[in-house]
Amino acid sequence: MSAHPEKFLLAGVMGWPVMHSRSPMLHNHWFNERGLAGTYVPLAIPPEGLKAALRALPALGFAGCNLTIPHKETAMRIVDEVDDTAKKIGAISCVVVRPDGSLFGTNNDSFGFAEGLVEKIPGWRADAGPAVVVGAGGAARAVVHALLRRGAPNVHLVNRTRGRAEALAADFHGPIAVVDWEKRHAALGGAALLVNTTSQGMVGMPALDLRLDELPKSAVVADVVYIPGETPLLTTARRNGHPTVNGLGMLLHQARPAWQAWFGIDPQVTPEMRALIEKTI
Ligand SMILES: NC(=O)c1ccc[n+]([C@@H]2O[C@H](COP(=O)([O-])OP(=O)(O)OC[C@H]3O[C@@H](n4cnc5c(N)ncnc54)[C@H](OP(=O)(O)O)[C@@H]3O)[C@@H](O)[C@H]2O)c1
């Protein structure tokens, strides 16, 4: 018997393309696990259709939706209100339909990144020491937001295009030091955490060009990429004795606050759910 017999719960992910997304599988796992009447659908929305699609959510009875490439920034200008996290990150990953039909935007990637780390490395703390973040795109903004919010004493930010890293640092007003791309190998000295937020190492892409010789052995190495499950960076780090974390936890955990906002439920990321998604990677 459904916990919400009077209402079929609806949510989805808007992207273009969208069929590669693992989100429907993970959200539908939660519907099935709880015996809830509801579904989460992939919504293939081209950029020119985004506004109409978002505005249709209330009329269709959707509780909200997630957003993926290329909609995260544009959607921010369409919804009625965004929270401070989304403003800082400059993008929304989640839209919530409010009771009056207005649209609220937030970004759960920052939460997902931090919770994914804590799940894999219980006791991990951002204030354990300096972090080095490679990349300065949307994922980097979410990661830097999470690290500063959780008390990282400083973040060394390295990006191929220095200007983009400088823009990120200026937006965050935190203890962020921009490091030249050429100095990235040496920048790892003394770090407690290294995070790759670039697309390097993703399936079909070359490995991230980064030598780990200077990185203290106790440092955690994280990658936001999760296809493949172990990027060349993580393979090298594991062989060098570093604790490693891939990007799957970030994907799984960002879905939790979405459920809280859409359905008032805080679902758990279980080993079964993780295994279900891992089987498709
Ligand atoms: N696990 C998750 O839940 C999750 C969530 C969001 C994103 N991601 C992943 O994060 C990655 C980045 O996504 P994004 O949205 O941040 O993309 P983005 O905004 O396009 O940023 C891409 C970043 O990669 C860098 N880059 C690209 N090619 C490079 C190269 N050849 N050498 C060095 N740096 C290079 C870019 O540097 P320049 O500025 O110099 O171009 C930029 O910093 C993707 O693989 C995405 O799938 C994962």
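These notebook entries record what I looked up in a predicted model of one protein chain.

**Entry 1: Ground rules.** I noted that the model is predicted, that local features need pLDDT of at least 70, that side-chain atom pairs count only at pLDDT 80 or more, and that totals for chains, interfaces and linings use all residues. Residues are numbered from 1 along each chain as its sequence is written, and side-chain values use heavy atoms, with hydrogens and water left out.

**Entry 2: Domains.** I looked up how the chain is divided, and found domain 1 (9-107 + 254-271) and domain 2 (110-245); such bounds come from an automatic or database domain assignment. The centres of the two domains, taken over C-alpha atoms, are 26 Å apart. Nine residues from domain 1 and 15 residues from domain 2 make the contact, where contact means heavy atoms within 4.5 Å. The size of an interface is often given as the accessible area lost when the parts come together. For domain 1 and domain 2, I recorded a buried area of about 920 Å², with 59% of it on carbon and sulfur atoms. Buried area is the accessible area (1.4 Å probe) that two parts lose on being put together, summed over both.

**Entry 3: Helices α8 and α9.** Helices (H or I, at least four residues) and strands (E, at least two) are DSSP runs, numbered from the N terminus. I found that α8 (residues 248-263) and α9 (residues 271-278) pack at about 125°, with axes 11 Å apart. Axes are lines fitted to C-alpha atoms, for helices over the stretch in contact, and angles run from 0 to 180 degrees between N-to-C directions. The pair α8 and α9 is therefore oblique; angles under 35 degrees count as roughly parallel, over 145 as roughly antiparallel, 65 to 115 as roughly perpendicular and the rest as oblique. Leu-248, Gly-249 and Leu-252 of α8 touch Met-273, Arg-274, Ile-277 and Glu-278 of α9. By class, this contact has four nonpolar, one polar and two charged residues. Ala, Val, Leu, Ile, Met, Phe, Trp, Tyr, Cys and Pro count as nonpolar, Asp, Glu, Lys and Arg as charged, and the others, Gly among them, as polar.

**Entry 4: Helices α1 and α9.** I then turned to α1 and α9, whose axes come within 10 Å and cross at roughly 145°. Met-25, Leu-26, His-29 and Trp-30 in α1 meet Met-273, Leu-276 and Ile-277 in α9. The residues of this contact are six nonpolar, one polar and no charged.

**Entry 5: Helices α4 and α5.** The axes of α4 (residues 109-120) and α5 (residues 138-149) come within 8 Å and cross at roughly 65°. From α4, Asp-109, Ser-110, Phe-113 and Ala-114 meet residues of α5 including Val-143 and His-145. I counted this contact by class as six nonpolar, two polar and one charged residues.

**Entry 6: Backbone.** Most residues other than glycine have a negative phi, and most peptide bonds are trans. I found a cis peptide bond between Trp-16 and Pro-17, with omega about 5°; Pro-17 lies in the loop between β1 (9-15) and α1 (23-34). The bond from Ile-227 to Pro-228 is also cis, with omega near 10°, and Pro-228 lies in the loop between β11 (220-223) and α7 (232-239). His-173 has a positive phi, near 50°, and sits in the loop between α6 (162-172) and β9 (176-179).
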